[in-house]
Amino acid sequence: MRRARPAAAGGGAPRMPAAGGGQAGPGPLRRRRREIRRLPGGPARPAALALVTLLSFASRFHRLPEPPHVCWDETHFGKMGSYYINRTFFFDVHPPLGKMLIGLAGYLSGYDGTFPFQKPGDRYEQHNYVGMRGFCAFLGSCLVPFAYLTVLELSRSLPAALLTAFILIFDTGCITLSQYILLDPILMFFLMGAVLCMVKCNSCADRPFSASWWFWLCLTGVNLAGAMGVKFVGLFVVLLVGLNTICDLWDLLGDLSLSLVMFGKHLLARVLCLILLPLTLYTAMFAVHFTVLNKSGPGDGFFSSAFQSQLIGNNLHNVSIPEYLAYGSVVTMKNLRMAGGYLHSHWHLYPEGIGARQQQVTAYLHKDLNNLWIIKKHDLDTDLSDPSSPVEFVRHGDIIRLEHKETCRNLHSHQHEAPLTRKHFQVTGYGINGTGDSNDFWRIEVVGGKAGKLIKVLRSQVRLTHVATGCILGSSGKTLPKWGWEQVEVTCTPYLKETPNSLWNFEDHINPKLPNISLDVLKPSFAEILLESHMVMIRGNSGLKPKDNEVTSKPWHWPINYQVIWWLNLVTIGLYLLMAVSTAVTLKRGVQLTSELKELSRVVLCGGGQITLGWLLHYLPFFLMGRVLYFHHYFPAMLFSSMLTGITWDTLLKFCARVLSPRITARKVYGGGFLALVLLIIYSFYLFHPLSYGMIGPMASDPSSPMAGLRWMDSWEF
Amino acid sequence: MLGFLKNPVVVTAEINMNLVALTVMGLISRLWGLSYPQAVVFDEVYYGQFVSLYMKRIFFVDDSGPPFGHMLLALGGYLGGFDGNFLWNRIGAEYSANVPVQSLRLLPALAGALCVPLAYQILVELQFSHCAALGAALLILLENSLITQSRFMLLESILIFFILLAVLSYLKFYNLQRHSFFSGSWWFWLLLTGVACSCAVGVKYMGLFTYILLLAIAGLHFWQMIGDQNLSNVSLICHFLARGLALIIIPVAMYLSFFYVHLTLLYRSGPHDQIMTSAFQASLEGGLARITQGQPLEVAYGSQITLRNVLGKPMQCWLHSHTNTYPIRYENGRGSSHQQQVTCYPFKDVNNWWIVKDPGMQQLVVSNPPRPVRHGHIVQLVHGITTRYLNTHDVAAPLSPHSQEVSCYIDYNISMPAQNLWRVEIVNRESDTDVWKTILSEVRFVHVNTSAVLKAGGFMNFHLEVQTGRTLEVVGEKLSKGYHQSMVWNVEEHRYGKSQEQKEREVELHSPTQMDISKNLSFMAKFTELQWKILTLKNEDTEHKYSSSALDWITMDTNIAYWLHPTSGAQIHLLGNVVTWASANVAAVVYMCLSLWYLIRRRRRIYDIPEGKWQRWVSAGGICVGGWAVNYLPFFVMEKTLFLYHYLPALTFQILLIPIVLQHLSDHLCSALTVAWFSSVYLVYCTFSPVTYGKPSLSVAELKQLRWKDSWNILIRKQ
């Protein structure tokens, strides 16, 4: 493929259509004439690009402020933009770049971050939301020229590029997705940007280390960082670029005219631009994220105590609390697993049929009065709050009792099975006003501690062993059903494996009798913060599991949609596979092809192959994912699918036209086929356009967002 | 090979000597003292229950895999005259006299023993020396974990046997390809590849990965043939068709036949009935079939029916109502309609009966002749005992506030009119005029006023004062465009109502249904359903004391205690030969590093080893490293409880790689080192053989000495 390309590139195809339509460059006259025939008119390309861009912007910005309500997931991402403007810390399962950009767009366009974004359907009133929508629409509009240029570069055929552009311009799904404050247009912008830069860089391969080569290579790296920084789905485009780069390097290695030193330079350049540069940018994004968000907010509880001490307004910020744990103290206990919650209890009982009908004990991610527990001696029930009694510290190996402050029930376990993890024991709140039984006794131990050592608040990692059964208090990480308010299950595990699930630390510690000391030692390094936030995000992502009986969208439903364009795309994929296999077999059988057919087969195998790989990488992984999937996850794959449609139909029509011998008929067939496809696309748009401009927004008046999400999907159907 | 045909005596004698010796040693190591211990060992407790069910011909569903492996185990029981009467409830329980332990364990042990000669032949077919082949066979022979796993009623050794057989037959086939295609033995080995693959898949789904690997290799080899200009197009197509037949069509047919035999053998209803659809249950002898036998087929106006939710998860349940009403206010302060509760109830009950009524007529009996209900008809559903109408309205449901509440309408609230018309939509209809059929039709009920669809939801517990146990919420789902089984219902019990009077009708509802029509499902319908259930049935992900993660396996950080003698310290562990595991890892790393090195050098046109040797090296690696990878890496994305024994198929491939790498390096290695290394393998085998075979019993001190890694869990009896 590498050998074919310089010849084709030298044949007069201009490398940067945006820069001008000149067919300059030396090459055999015959080839040049063909190029001219195929691309009628020199200024056709910039004109086509301008037309495509114009149409794209027009379709995306048409009726942008409509509806003046919060639509669908705007309730999340708009809210997160506001958080950036207000600098309050929050937690989200996606990396920060997309939301930071939304926040920035809002800030620049004069939005003050005060709109609450409570639920879909709320009116924006006087708040300035158009800036944020406009930003997303701008990025969404860029997708079309990007796709146009990519296809043009791969197929060197104007009709193919135009066909792709028309599909994307007139696809109502793409339009809708670009019109609201969502992460998807931002993600797709970077994704398509990366693909375009990669393709551009490939076509500069005949003059490595030139300025334009460096430019496109670096830009690829920047776009990769951007894609990764918006959503983890960006990883797939990183994979695509990575595979492409490996193939590239492999070709270079096989080129014996290249010395090993030169090869080393090639390798180094790619490591620099495609690994180090994106990593630096990605890290920088998080640095900005953590610098901007320095106030305590709704996301605190997801992070460890050490992290929270960084946030202004958090109760751990500039903390001063008693250092050693004492009897009679009021404490909160935090599970040490990533995104582990606080030990929590409330008045509600376990429902009938689920263990003993006693008070629920759960792990809860948010700060709450119900997270407070009092440490008591197991045998003594004196009132420790009496100021005259001496302070007694808790030591490693002591047997204690934990009393829930609000309900005065003791932390209790017994040999009933836990609600979800059936092989563990149930943990409950038991007893009245602190009087329970011997199943309320827990031995407290510090990891790596010795008998008699004092227990440090925040810093000691503590294990609570149930004295009667020998099991260890832990959080399984599973979400309880509705009766447990979807909090996290707490169990007593009989398997004595040392995992963060069964370790806790004391976070708040209130004891008026003890002197407070300041704890500045907690400050985590940036690397630790980065690692922790990633662990929390990954946990959050895998925690988004579909619940029983919930109607979820399945990946195999996605390509089948009721729109003409999507059917066209689906059919094309099958058609392409057929064409690719027959071309490959023909070549392998050693059939002699004319140069024109060789060019066509190169487009099918190389250009089409790259795009198909992109489609596969952005679609297949969803089959393996256990999390909740939505229809909009298919859109990155749909971009690739549309590009493939352009390339495939163009090649097919050219091939058909060649088979028909008279020139005139051939041209008629080609032109007719192309026109039919474009008309089909426009007709589909005409049928479906009310969906993207008219009736979509205000319907989402439903409080819960997943349901609103479903409705958004349902709106495609008739 | 042709020489082999001309001169059978001389040539075969030599090969046989090696093979016979290895086979005998394999048999001795696997079969020695097979009936010891005379007690249930580890997962025998799991597979044993299925063997018993086979003996009693009772239907079951096992989500761990397809039925062929279970059937082989059951074959052992059948040959040994097992009657299926044993309570498989506890590991370590003594077998009673009626359990033919020896014959139950014989097939897995034989399969394990035959892996030894198979390994030998695979290396020979990969064109490595007989010395290397002998080494591979001996390593398999002395691998403690493979021995342990083979000696009990477990499936891994059978799986490994079929995997190795498939690989060997493919290699034999491929080597024959050069001289004599379309010959008898060519066909034999090609077909055997397909058969062995389907058997491997039939034993455990893990076999699928090796099957895919072999398909990929066959595809690659065929791709090379396409490039061969000497072959005509016609012969290429013949080759392609032959491979398609043997490697795809025959395995699929075999796989179907496993299920055919399985379903033919198990014709009685049993404990797993309820996960299947009503139609499936009715096809089994006893159980639901006894109840539904003789029901009228077509649902008519006036029919008395019970409606079962098709999803069957988290439990099977029937549409139900009872005299209790929804509380005026829920605990969280939301209001309700205060009408009669409608739920989905997981037990058979007289309150599950409903009557199909024509909205235009008053009568609740079937007219003569019956007027059948068709797709698209509008009906009312009348609760049999309370004669209230199934109703839904724009009130939030008890647990799912975004859905509509479903109730039985009580006429005391003027502000809330009755909205009790439902349109019947048959989901699996063939035409739009299909009749609603008992058991067979899957039906959605679409509310006429609001277009909500009747749906069974999650558990609900909190407002049922009368009923104990769990019941499921029933709601009217407004966002109903997507298809989900929880919105689909089928009629299970059915009879034509005869009594107009309420008193008589109550008596009628309590009486059993009867009449006579039989319903038979086709094999393919049964197969599809069973296969789907096996794939989607999820057991609660269980944590097990000996479960491990895939990463622990490479270094063998875990073991599994299989059995402990009730009194002495004799015990059996799944514990590998440490030296073999370590050297297998080293071999894999060396292989990959060397390959990468050679590959890069070859790319720069520097050829370190001759072309033939390189080809052998690559194909050996393709099989061994490929086999290891496909049998190991998928576990990283699997969400199920993993055990050390899942690694054994991968390990087998990795072990085969050791002699390959050794032979490659042999120029640089003195033979003394090889001997020393091999004797260490043997020594470790001997050291751990007490916990492999479970005898002799070791003292506490000796047991403690065996604990080479702290993470191993050797059981030490407290004095």
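This briefing covers selected helices, loops and backbone features of chains A and B. The model is predicted: local features need pLDDT of at least 70, side-chain atom pairs count only at pLDDT 80 or more, and totals for chains, interfaces and linings use all residues. Residues are numbered from 1 along each chain as its sequence is written, chains are lettered from A and ligands numbered from 1 in the order in which they are written, and side-chain values use heavy atoms, without hydrogens and water. Helices (H or I, at least four residues) and strands (E, at least two) are DSSP runs numbered from the N terminus.

**Helix 3 of chain B**

- Among the buried residues are B:Tyr47, B:Phe50 and B:Leu53.
- The buried residues of helix 3 of chain B pack against helix 4 (68–79), helix 5 (101–125) and helix 11 of chain B.
- B:Arg57 follows helix 3 of chain B and has a positive phi, near 65 degrees.

**Helices 10 and 11 of chain B**

- Helix 10 (residues 207–226) and helix 11 (residues 233–265) of chain B have axes that come within 11 Å and cross at roughly 175 degrees; axes are lines fitted to C-alpha atoms, for helices over the stretch in contact, with angles from 0 to 180 degrees between N-to-C directions.
- The two helices of chain B are therefore roughly antiparallel (over 145 degrees).
- Residues in contact (heavy atoms within 4.5 Å) include B:Tyr211 and B:Phe222 of helix 10 of chain B, and B:Phe240 and B:Arg243 of helix 11 of chain B.

**Backbone features in loops of chain B**

- Most residues other than glycine have a negative phi, and most peptide bonds are trans.
- B:Tyr36 and B:Pro37 are joined by a cis peptide bond, with omega about -5 degrees; B:Pro37 lies between helix 2 (8–31) and helix 3 of chain B.
- B:Phe182 has a positive phi near 60 degrees and is partly exposed, at 33% relative accessible area.

**A:Asp122**

- A:Asp122 sits in the loop between helix 5 (97–108) and helix 6 (130–155) of chain A, and counts as buried at 15% relative accessibility.
- Its C-alpha atom is 8.5 Å from that of A:Pro68, 54 residues apart along the chain.

Terms used: Parallel < 35°, antiparallel > 145°, perpendicular 65-115°, else oblique. Buried < 20%, exposed > 50% of the residue type's maximum accessible area, 1.4 Å probe, protein only.
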